[in-house]
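I opened this model to look up how its parts are held together, and I kept notes as I went. The entries follow the order in which I looked.

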Amino acid sequence: MNCIYLNLRYYLLLVILIFGIKLYATGSSSLESEIIPISINKDGNILCKTRFTKNEMGAYRGMEVKYGFCVITKKSIIQYQGIVIDEDEIENDDSVEKYWEERNFWDRMFKSKTSTQQLQTIVQKVLKNKFTFDSLNADDYKIEKEYSFAEIQQSKQIDLTTVKLHALYGAKSSSHFQSNNIQVAYDFGHVLLTSNYEDPDSEGGFTFDYFNPWINKQGEEENIGFEIFSVTGVLFID
């Protein structure tokens, strides 16, 4: 009788542990803020595709993803929102499958080459002809090369200890990894696009001040940042 009782207790404990892990376990918090240039015009304005998503608590579910465009001028990033997908906004029994179907489609669109016809549509329908872009020439400025902080500061005559990098949704650089170089993806002369990242295996470039709220022991809200991130940083050169 005691043996049966112990086995029952063991079984109940096992069930609680299994379902507890399933219900409450989370992964690492993460953020992706990406910019892919398409075209640069005679005024030095740069048209780009954008993609932004964040998972503040590391939840195992589909997060909201914002796809759009931006124009990088000599001093600012002007954003234009496009498609937004979110698992919570899909109202049918196959919401998870539908979400990942849409996300995979738009991820492919984001990473694929832009056609001349698509460029014309973006200028007319999204930018409302406020800016003019005629050529798919951004790849002419793609270098994907690592530089030391000293090399960037010397070649661009800029102080990286005081100048901030910019990113989507108003974010700015907050610190940099001292032991790593800067990964420059595009060099437009007056604007550099840099790759900044951190994951369990590597880190490089700068961290950014994207807000991830947490209530500390004193009951105060503070920014704990993101454990995993990939951010395209924009460095404006005077």
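**Entry 1: a threonine in a loop**

I began with T114, which is buried at a relative accessible area of 16%; buried means under 20% relative accessible area, exposed over 50%, and partly exposed in between, with a 1.4 Å probe and protein chains only. T114 sits in the loop between α2 and α3 (116-126), where helices (H or I, at least four residues) and strands (E, at least two) are DSSP runs numbered from the N terminus. Before going on I noted that this is a predicted model, in which local features need pLDDT of at least 70 and side-chain atom pairs count only at pLDDT 80 or more, while totals for chains, interfaces and linings use all residues. I also noted that residues are numbered from 1 along each chain as its sequence is written, and that side-chain values use heavy atoms, with hydrogens and water left out.

I then listed the contacts of T114, a contact being heavy atoms within 4.5 Å. With neighbours within four places in sequence set aside, T114 is in contact with I38, K49, L119, I122 and L136.

**Entry 2: from T114 to I122**

I followed that list to I122, which belongs to helix α3 and is buried, its relative accessible area being 8%. Leaving out neighbours within four places in sequence, I122 is in contact with I38, L47, F69, T114 and L127. I also looked up its distance to F133, which is 11 residues away in sequence and 9.4 Å away in space, C-alpha to C-alpha.

**Entry 3: the nonpolar cores**

Next I looked for nonpolar cores, each a set of buried Ala, Val, Leu, Ile, Met, Phe, Trp, Tyr and Cys residues joined through side-chain atoms within 4.5 Å. The largest core has 36 residues, and I72 and Y210 touch the most other members. Two or more residues come from each of β1 (30-40), β2 (46-55), β3, α4 (149-156), β7 (182-187), β8 (191-198), β10 (206-208) and β13 (228-236). The largest share, 5 residues, is from β13.

I wrote out the contacts of I72, not counting residues up to four places away in sequence: I35, G44, N45, I46, C48, I77, V191, L193, V234 and F236. A second, separate core holds 11 residues, among them I38, L47, F131 and F133. As a general reminder, nonpolar side chains tend to be buried together in soluble globular proteins.

**Entry 4: the β3-β4 hairpin**

I looked at how β3 (residues 65-72) meets β4 (residues 77-85), and found an antiparallel arrangement joined by 7 bridges; two strands pair if DSSP finds at least two bridges between them. A hairpin of 4 residues connects β3 to β4, and V71 has I78 in β4 as its bridge partner.

**Entry 5: salt bridges**

I counted 11 salt bridges in the structure, each defined as a side-chain nitrogen of Lys or Arg within 4 Å of a carboxyl oxygen of Asp or Glu. In one of them D107 pairs with R51, and their closest N and O atoms are 2.8 Å apart. D107 lies in helix α2 (residues 95-111) and R51 in strand β2, so this pair ties together parts that are 56 residues apart in sequence. D107 is buried at 13% relative accessible area, and R51 is buried at 3%.

D107 also forms a salt bridge with R103, with the closest N and O atoms 3.9 Å apart. R103 and D107 are separated by about one helical turn, because they are 4 residues apart in helix α2. Salt bridges with shared partners join E32, E34, R51, R103 and D107 into one network.

I then checked R61 and D86, whose side chains meet in a salt bridge at 3.8 Å, N to O. R61 is in the loop between β2 and β3 and D86 in the loop between β4 and α2, so to speak of distant parts of the chain, the pair links positions 25 residues apart. R61 is partly exposed at 30% relative accessible area, whereas D86 is buried at 15%.

**Entry 6: the whole protein**

Of the contacts with a separation of 6 or more, 63% are between residues 24 or more positions apart.
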